[in-house]
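Welcome! Please take a look at the sequence and the model below, and then we can walk through its salt bridges together.

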Amino acid sequence: MSMYRSTVNWFIRIILLYLPAGGVTILNGYHWVARTLRRRLTLRRINLAGVPLTKADLADCNLCGSNIRHAYWDAVRCSGTQFNNASFEEGVFDGCDFGRATMTGAKLNGALFVDCAFDGASLRGVEVVNTTFQRCSFRGANFADTMLGDAHFEDCDLDGIRGVTLAPK
């Protein structure tokens, strides 16, 4: 990681620390508990690897190209957020709302999604290998050009999904 990108990531974390009431509080250095993060915030290519988020509102933000590997997100609202080419690998996402999110080219390999909503989301060209979805909703989600390799959908609502390609065994 370049010195510039590292500095920018810390700068973003400091800005988030000083948002007004209803903003973000950082506990234990990295744990972000939030009510409302500024809408339409652009945090492209931010490094959130291993960062737990609880009850954050990231709706309509731009997190394209971000590193979200090994993260734990609980009840995070990401409806309408852009996650193009972001990496969610090996992360755990519980009760998150990814409805209408755009995840073109994102990597979800090895991640666990529990009770999440992907209704109307665009998952075009997403890498979904060794990924588990438990009790998730995908109503009207678009999976065009997506390879599902050893993906597990347990008790999920797949009503109206489009464009699914199954990987050969």
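Does R124 count as buried, partly exposed or exposed? R124 counts as partly exposed, at 35% relative accessibility. Keep in mind that this is a predicted model. Side chains of opposite charge can pair when their charged atoms come close.

**R124 and D145**
- The side chains of R124 and D145 form a salt bridge, with 3.5 Å from N to O.
- This pair links distant parts of the chain, 21 residues apart: R124 sits in the loop between β6 and β7, and D145 in strand β9.
- D145 counts as exposed, at 58% relative accessibility.

**D115 and R135**
- A salt bridge also joins the side chains of D115 and R135, at 2.9 Å from N to O.
- Because D115 lies in the loop between β6 (112–114) and β7 (127–129) and R135 in the loop between β8 (132–134) and β9 (142–149), the pair ties together parts 20 residues apart in sequence.
- D115 is partly exposed, with a relative accessible area of 36%, and R135 is partly exposed at 45%.

- In the salt bridge of R139 with D159, the closest N and O atoms are 3.3 Å apart.
- R139 is in the loop between β8 and β9 and D159 in the loop between β10 (152–154) and β11 (162–166), so this pair ties together parts 20 residues apart in sequence.
- R139 is partly exposed, with a relative accessible area of 46%, and D159 counts as partly exposed at 46% relative accessibility.
- D157 joins R139 and D159 in a network of salt bridges.

How values were computed:
Residues numbered from 1 in each chain as written. Predicted model: local features only at pLDDT ≥ 70, side-chain atom pairs only at ≥ 80, totals over all residues. Heavy atoms only, no water. Salt bridge = Lys/Arg side-chain N within 4 Å of Asp/Glu carboxyl O. Helix = DSSP H or I, 4+ residues; strand = E, 2+ residues; numbered from the N terminus. Buried < 20%, exposed > 50% of the residue type's maximum accessible area, 1.4 Å probe, protein only.
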